[in-house]
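Biologist: I am new to this model and would like a close look at a single part, followed by its setting in the rest of the chain.

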Amino acid sequence: MIKRGKGVSLTSMTHPIPIIKLNAEEGKTLRYLFVFALVLIEATVWFLGIQMEWEPAISKLGMFPCTQVKYTTKPDIASVSQGLGNFLQGDSDLSMIYSYGLPLGDGIVGGLAAWPLKIPSLSFSLQQKGVAFAVNAICGKLELAKPGTENGLTQFKITSTDVWSTMFSMRMAIQLPGGSHDWEEFADSDITQECEIRYIMGDAVINYGFVSDEWGGISSSNMQSIAMNDLHLDLYNSQHAYFGRVQDALGVNSKYQNITQWVIEATNAVFANASYGTSQGALFCNIFQWATLPDGYYHTDISWKGMAAAISIIAHYVLMQYDDAGTAQCEYSGMQGAGVIHCPSYVIAMAATSVVVCLIVELSQLFWWFLLSGGGEKNDRAAKILENPMQLLYDLRAGGTELMGDLYGEEQSSTAIRQHYEEVLVRFGESRHTRPNPVGMLILGAPGEVMAMSEKREYY
């Protein structure tokens, strides 16, 4: 009707127009879809927050010098044997089990590889091939202690030791003083429990964590991971493995027979006919603290944890007596504890899909409004006139009667009127009579009386 110079039939104006285009609720479907997409995004964001998980990440800091541990000189354990147990008690007072190794389902695996000679950050880890050990402890039935053996202290007694190259087994009797254990029937009496310990050494790639202070001091922190042939164990994810699996991974060799003997000697110095008292008002001795629970009592069903931890403390002490074998280059990493936030891929897909749906619906709504407005100045003017019936009547005032004409014959049915209007051509544009004027007038009239609109002219 605007662009066709020959005009269009009046019947083309009688086709029903979808209500959505002209009433106040136009675009309601798209708006509903848009609101639904916004709600979907909000729900997905909440679900995303619920499903988020923290995954550990280790950053590489570089290769820096370190002291690689060697064991060629026997440590003088005999000279410190009298106070070694008390020293280790103090050493373990503020320690976690991870300071000595990684807990297994039935023991502990630990070791030492190198000591840092550079401080790249306040907390870092160092990975190198070194010496590993594994400890397994099994504690059996309970018995009342023999009368006259009570001294109010936790007592240890080694009853037998068997050695095979880098492996040894040891039987040890533990006497727990009355009032310190969970055997309710004999709560006020001393009881004894026998434990059997197995120990083995071998090669492993060890990642150990260190911390530093503002004055440049370095202290070992936690073991981060250990790899023994095809077995790899990580911090907080090692209890699914058991001593037998670790023993198979370490294998049997005679490489560390000397260190094994030093560990046996240190164990005898600490536990051979020894008694240890409590500290800080507790009921237990620190070196056997992992046989307790937060209630402060020895729990005989986890005595194996206390025994395995105690042997690991001794083995770690022995490994710390390494020789100064010169420097090597070690791989330093950001100590585990940093990480990334992760969520399942399907949640990410849901969030992305909801955002895309919301964007598409909004663009569709904007495009719909763009088409409805005409997409240009001429169409906007036409739409404005069609939206105002009074303006349309005014435009038709001069030529409406002549334009529509009279019906032929006397029949005035809908069919006759339609056939009549099919022959009537109309066009929307500028009146031919106002073309010479500075301001033109837009009319709906016969094609001969209407000229094309110009974007450079003004209209009223």
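How many residues does helix H5 have, and how far does helix H5 reach from its first C-alpha to its last?

Modeller: This is a predicted model, in which local features need pLDDT of at least 70 and side-chain atom pairs count only at pLDDT 80 or more, while totals for chains, interfaces and linings use all residues. Residues are numbered from 1 along each chain as its sequence is written, and side-chain values use heavy atoms, with hydrogens and water left out.

Helix H5 covers residues 257–271, has 15 residues and reaches 21 Å from its first C-alpha to its last. That is close to the 21 Å expected at 1.5 Å a residue (the expected span is 1.5 Å times one less than the number of residues). Helices (H or I, at least four residues) and strands (E, at least two) are DSSP runs, numbered from the N terminus.

An α-helix has 3.6 residues a turn, so residues three or four places apart point the same way.

Just after H5, Asn-273 takes a positive phi of about 50°. Most residues other than glycine have a negative phi. Asn-229 also has a positive phi, near 55°, and is found in the loop between S11 and S12. With a relative accessible area of 69%, Asn-229 is exposed. Tyr-236, not a glycine either, has a positive phi of about 70°. Tyr-236 lies in the loop between S12 and H4 and counts as exposed, at 60% relative accessibility.

The loop that holds Asn-229 also takes part in a salt bridge (a side-chain nitrogen of Lys or Arg within 4 Å of a carboxyl oxygen of Asp or Glu). Arg-245 and Asp-230 meet through their side chains in this salt bridge, at 3.3 Å from N to O. Arg-245 belongs to helix H4 (residues 243–250) and Asp-230 to the loop between strand S11 (218–228) and strand S12 (231–234), so the pair links distant parts of the chain, 15 residues apart. Arg-245 is partly exposed at 34% relative accessibility, whereas Asp-230 is exposed at 62%.

The whole structure has nine salt bridges. Another one joins Arg-171 and Glu-194, with the closest N and O atoms 3.1 Å apart. Here strand S9 (residues 167–176) supplies Arg-171 and strand S10 (residues 191–212) supplies Glu-194, 23 residues apart. Both ends are partly exposed: Arg-171 has a relative accessible area of 35% and Glu-194 one of 38%. A network of salt bridges links Arg-171, Glu-194 and Glu-196. In the salt bridge of Arg-435 and Glu-430, the N to O distance is 3.1 Å; Arg-435 is partly exposed at 25%, but Glu-430 is buried at 0%.

Thr-300 is buried, with a relative accessible area of 14%. Its contacts (heavy atoms within 4.5 Å), leaving aside neighbours within four places in sequence, are Leu-142, Leu-176, Asp-182, Ile-191 and Gln-193.

Aromatic rings form 16 pairs in the structure (rings of Phe, Tyr and Trp, the last by its six-membered ring, pair if their centres lie within 6.5 Å; planes under 30 degrees apart count as stacked, over 60 as edge-to-face and the rest as tilted). Tyr-208 and Phe-210 are a tilted pair, 5.9 Å centre to centre with 50° between the planes. Tyr-208 is buried at 3%, and Phe-210 at 0%. Both belong to a cluster linked by ring pairs, together with Phe-64, Trp-115, Phe-124 and Tyr-332.

For the setting as a whole, the chain has 11 helices and 20 strands. Of its 460 residues, 42% are buried. Among contacts with a separation of 6 or more, 70% are between residues 24 or more positions apart.

Key:
Buried < 20%, exposed > 50% of the residue type's maximum accessible area, 1.4 Å probe, protein only.
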